[in-house]
2 protein chains.
Amino acid sequence: MIDEESRTTVLRRPATYQPPRSWRTWLLGRPLATADAEDETIGKKVGLAVFASDALSSTAYATQEILVVLGAAGMAALTFAFPISIAIVALLAIVTISYEQIIHAYPNGGGAYIVSRDNLGELAAQTAGASLLADYILTAAVSISSSVAQISSAFPSLFPYRVAIAVGLLLLVMMINLRGVRESGTTFAIPTYFFLAMMVLTIGLGFIRYVAGSLGTVPNPPPMETVETAQAIGLFLILHAFANGTTALTGVEAISNGITAFKEPRSRNAGITLIWMSLILGVVFLSVTFLSVQIGAVPSESETVISQLARTVFGSQGILYLAMIAATTIILIMATNTSFNGFPRLSALLAIDGFLPRQLAFRGSRLVYSWGIMALTLIAVLLIVVFQASVTGLIPLYAIGVFLSFTLSQVGMSRRWWKIGRLAEGEEIKQPASTLRHDARWRLKMVANGFGGLCTAVVMLIFIVTKFTEGAWVVLVLIPLIVLLLRAIHHHYHDLAKRLSLASFDMAPRSPRHRVIMPLSGVHRGTLLALRYARTLSNDVTAVHVSIEPEQTEKVRQKWDVWGEGVRLVILDSPYRLLIEPLMDYIAEVAKGRQPNETITVVVPEFVTRHAWENLLHTQTALTLRFAFRTMPGVVITTVPYQLEEDGPLPDTATSNNKQEAKS
Amino acid sequence: MIDEESRTTVLRRPATYQPPRSWRTWLLGRPLATADAEDETIGKKVGLAVFASDALSSTAYATQEILVVLGAAGMAALTFAFPISIAIVALLAIVTISYEQIIHAYPNGGGAYIVSRDNLGELAAQTAGASLLADYILTAAVSISSSVAQISSAFPSLFPYRVAIAVGLLLLVMMINLRGVRESGTTFAIPTYFFLAMMVLTIGLGFIRYVAGSLGTVPNPPPMETVETAQAIGLFLILHAFANGTTALTGVEAISNGITAFKEPRSRNAGITLIWMSLILGVVFLSVTFLSVQIGAVPSESETVISQLARTVFGSQGILYLAMIAATTIILIMATNTSFNGFPRLSALLAIDGFLPRQLAFRGSRLVYSWGIMALTLIAVLLIVVFQASVTGLIPLYAIGVFLSFTLSQVGMSRRWWKIGRLAEGEEIKQPASTLRHDARWRLKMVANGFGGLCTAVVMLIFIVTKFTEGAWVVLVLIPLIVLLLRAIHHHYHDLAKRLSLASFDMAPRSPRHRVIMPLSGVHRGTLLALRYARTLSNDVTAVHVSIEPEQTEKVRQKWDVWGEGVRLVILDSPYRLLIEPLMDYIAEVAKGRQPNETITVVVPEFVTRHAWENLLHTQTALTLRFAFRTMPGVVITTVPYQLEEDGPLPDTATSNNKQEAKS
């Protein structure tokens, strides 16, 4: 198709075109065309299933993480778990109300990064971005570790292989995501509702047996493990247990990031789904904690509290027990999948804004952000290996990022209501008014979001103080480092754009002169092909030989007399057997003396071997020269490949007449 | 200096020229000029010291390796060690006589590789080369492991760190050799004669106390370790112990490789030195074995037999005990150094003959074969780590190579005498007569060398049979593999030389047409600089843009209308978001349709970042394209670098007049 209006030709692939197949096709499925991207919207019921897995799955470990702290003060202290859980559910209510506001204010999706960027400025946005990135990684590591803990509770013989199983599962999730999850939301609904059904059955039967007095305690409980040495019950211990339990709140923000997936009216649908999710989460979490305390469940690496609860309610190894464990394992793996959804999208967003490498915004053959998926997997695998797939080990790193992003988005919202208020009262503010929708109840909402932000900030501080030495300090060091990295990357791209700008660019007249320098180590077919090419570029060609061994130099000189076509040969003496440095010095000297608009081209003959291993048998001088010269301004490097293929005619000599050897 | 006879200019460095300094200067010392290479010749006494360290040091472990096998049949079996040692010394005598012949026949140095190449053909030479290479590596690994065993005998607390110490020592030896050993032979003489003096003192005092009846047995002997489960004394056990003990012979060939280092008459001097060395070796080895059996020394990883002997003779922890341990440790490290001498020289010889990568024949900044030194270190470190610096663990791999090369060189010599005999009797043989010196006693010498070869072949077979399952099979697999590798490399170089040959080369007329293709992802300064360059090459320039995102393509199209200087733009639609493949297809299509003598040049703009890490922020398309195109015949790739330096003026625009933005 020729575009008549410009000198542009557009070549389209025929409709039947299929991209080339490779090992990736086998692993990931056939490539998808850009036009194949689809948009599916979902209703409330399916939306709950898709977005709730992260939040609901945290009930699988939150109770246990409370008990593991309280256990340090003896079995009696475990009864504090229920009141602590009530406080956590209160916090959940506050956070839910705040996110409900965000959903209505940002109908196009309002993660902590976007809310902070809009309302609090760049630094806050970068901080939110950094903490969210850290958090997605930890969600993946914690969820997969917890899922393996459920498996090894039911099958203790698998306990020694937990790290390998966790890494294997993570790679499986990665592979599924690299293929691209193109299943409908309904597919996701099945495991979530299966988990909810099993949970309701467990809790329901548990309460019935509790009321009937037949619940009893855990038969053969595992040995108790705690994170601290024995101590008395005190404020620090209570706060520490509370901080651990707040991991139940992780995942609440998922819906606010994914509003666009809902059917219209999407804000309303998403808001209702959020409230439903929080209600279910609160009820399940409180029930699990209550029943766990009643049955005297003990925190242990070898058997999860959920397993102890299911075992006590259903009896050991029954089909219902195994179904409950399976449901918990599956929902935890789905929670991992949430990270695989969120991390690549967020990093693509950051990459588009110029804060992360651009590659993260490229969609792979299956239309997913492959680089982001692989980066997430790599770091999560590292964490799992370092922490030996221990949930209790990972928890101190977790949740700081969650609460930092909670705080930032709520403070951001509060600021937004304040601006709306200023606008309503007729004041001028910097932000364009169009992005702010008037709301009569801005005062109430400002207070609600402000209070929410305050609460999450306090929880974050409690978390940092009580878990500082256990590992929280790592996150406090890491998040600023990530922010610095984001800024350094941004600076680079910004600087690049400025330098590439055409604003003050002037097309100088074309170079009238062109000098060619051609390094050579010997005189052979490859050299002569390069010489032939060099002479098409310019009449001013100089061949350069670095003399390392006198005999070799003499040979080059003699052969050049015969074959050099009268081209000047410069021999650089190299008493210290250096190859690159004398060449660099010589070319720098020539470049220094060049006239304005004179271009210097270095033509390097390069062997192309048939097999990759054969490259080890060559010194790769062409490659070395390329890297050495790339920083020299005004010098262009050209590689003339000489293919060493055994089959087929010698390149460029197929038409030769095999004359006698020339004698000049 | 202008050479009047041709168009050649030779640029010499001024006499005061100093090569550039880098981190290597600090590590390795200032570079040495090729002219600095020196030749020092040495006499018999110094020669003994320089070449004997490898052979003499084997007395530090040979006795122990006999005992470790006999120990399996109980303490009583240890008394067989002495008769076995006598058999080994007899073998030593045979080998010495054979090598004496070689020294006189090859006054320019006659390693197994050269003797085999001259007399037995290519395959034998390659086999000899492979076994020698394997052997040099094992000498380094065994000697350094044994030296660490001596150290940890005296200081048992260092035993857990033996692998780290061994690797550290090896790296130290590597560093010294990379700097280049430029000490005079006298420096080497000191540790050898110190070891000999201490050995004579230990053995002498041992015999005096033995005769006086006051020698006694080892106080607090270490726990005995054996390589086999308990078994009765039998032929297999005796042969196995004999095979282990033959490690005493390793290093005997060293002098025949280094004849050129001797003062004239060098063959005579070298021959006398060889006989002296063998005499000393035989006496020391027999004495150590005799006394070790008398004192009831037991084989053990935690204390060497030498240490037990010295402790019994001198008393524990005395100054003489420590001096003996120090002397043994140092001579073992010097034996390692022998490998660092031999391996790089042999691999350089093989590289020059085209059997190993050419880089091995390059001399580094200090005039040593740096690549060979580093390759040796790398493999030896691997062996030490795998075998946990255990001499007994490494021994089964050792000595097969030694005896294979002994056998090959003696069979080769025998063949040589036979040829000389044929020649003397007036027959015609293929080899030019000039390389064969007539010798009246050729029959005797043929028999002597033949017998020697037979003996060493038998010993090698004993070695293989008795130690097959312990690890000897590895060597039997490895040596043929190395031979195959040598041949594959040779084939590659041979083929290369044929393809590069100018024998039937015809300089076709210069290409009259030159097409330029310039891929671009955006239109910016870098692109336009590349365009400017492309237009100096040819008037037939085509810009190509792969369309992955429609908006980006539209931007490119609009900007090109303004800035493209009327150059044709081809847009390649890429529905599957592939970048390289559509470009490759397009260029292949263009290349297919090219006329004879038409050259296609691909001009790629490339960013040059200031910091290496910044490269991670770019997709390195230029690099990827380069690798993709290098196998496409008739296509030349040119990279136009665009330096993104913040300081200094923008390259090539310093002279621009900052005109208004052009509007075409």
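Select chain A first: of its contacts between residues at least 6 apart in sequence, 80% join residues at least 24 apart, where contact means heavy atoms within 4.5 Å. Chain A has 664 residues, and 57% of them are buried, that is, under 20% in relative accessible area; over 50% counts as exposed and anything in between as partly exposed, with a 1.4 Å probe and protein chains only. Its secondary structure comprises 21 helices and 6 strands. Helices (H or I, at least four residues) and strands (E, at least two) are DSSP runs, numbered from the N terminus.

This is a predicted model, in which local features need pLDDT of at least 70 and side-chain atom pairs count only at pLDDT 80 or more, while totals for chains, interfaces and linings use all residues. Residues are numbered from 1 along each chain as its sequence is written, chains are lettered from A and ligands numbered from 1 in the order in which they are written, and side-chain values use heavy atoms, with hydrogens and water left out.

**Confidence**

Colour chain A by pLDDT, the predictor's confidence in each residue, from 0 to 100. The mean for chain A is 82, and 87% of its residues reach 70 or more. Now select residues 1-5 of chain A, where pLDDT stays under 50 and the model has 6 contacts beyond four places in sequence. Residues 646-664 of chain A also stay under 50, with 28 such contacts. The model as a whole scores ipTM 0.71 and pTM 0.67.

**Two cis peptide bonds**

Stay in chain A and select Glu264(A) and Pro265(A). A cis peptide bond joins them, with omega about -5°. Pro265(A) sits in the loop between helix 10 (254-257) and helix 11 (266-294) of chain A.

Move to chain B and select Glu264(B) and Pro265(B), which are also joined by a cis peptide bond, with omega about -5°. The loop that holds Pro265(B) runs between helix 10 (254-257) and helix 11 (266-294) of chain B. Most residues other than glycine have a negative phi, and most peptide bonds are trans.

**Positive phi in chain B**

Select Ala399(B). Its phi is near 70°, a positive value in a residue other than glycine. Ala399(B) is in the loop between helix 15 (391-394) and helix 16 (400-424) of chain B. Is this residue buried or exposed? Ala399(B) is buried, at a relative accessible area of 0%.

Next, go to Glu565(B), another residue other than glycine with a positive phi, here near 55°. Glu565(B) belongs to the loop between helix 19 (550-563) and strand 4 (568-573) of chain B. With a relative accessible area of 30%, Glu565(B) is partly exposed.

**Helix 6 of chain B and its partners**

Select helix 5 (residues 112-119) of chain B together with helix 6 of chain B. These helices pack at an angle of about 170°, with their axes 7 Å apart; axes are lines fitted to C-alpha atoms, for helices over the stretch in contact, and angles run from 0 to 180 degrees between N-to-C directions. Helix 5 and helix 6 of chain B are therefore roughly antiparallel. Angles under 35 degrees count as roughly parallel, over 145 as roughly antiparallel, 65 to 115 as roughly perpendicular and the rest as oblique. On helix 5 of chain B, show Ala112(B), Tyr113(B), Ser116(B) and Arg117(B); they meet Ala124(B), Ala125(B), Ala128(B), Gly129(B) and Leu132(B) of helix 6 of chain B.

Which residues of helix 6 of chain B meet helix 14 of chain B? Tyr136(B), Ile137(B), Leu138(B), Ala140(B), Ala141(B), Ile144(B) and Ser145(B) do, facing Leu376(B), Ile379(B), Ala380(B), Leu383(B) and Ile384(B).

Thr139(B) is also in helix 6 of chain B. It is buried, with a relative accessible area of 5%. Beyond neighbours within four places in sequence, Thr139(B) is in contact with Asp54(B), Ala335(B), Ser339(B) and Tyr398(B).

**Last stop: Val475(B)**

From Tyr398(B), go to Val475(B): the two are 77 residues apart in sequence and 8.4 Å apart in space, C-alpha to C-alpha. Val475(B) is part of helix 17 (residues 442-500) of chain B. At 7% relative accessibility, Val475(B) is buried. Setting aside neighbours within four places in sequence, Val475(B) is in contact with Leu397(B), Ile400(B) and Pro480(B).
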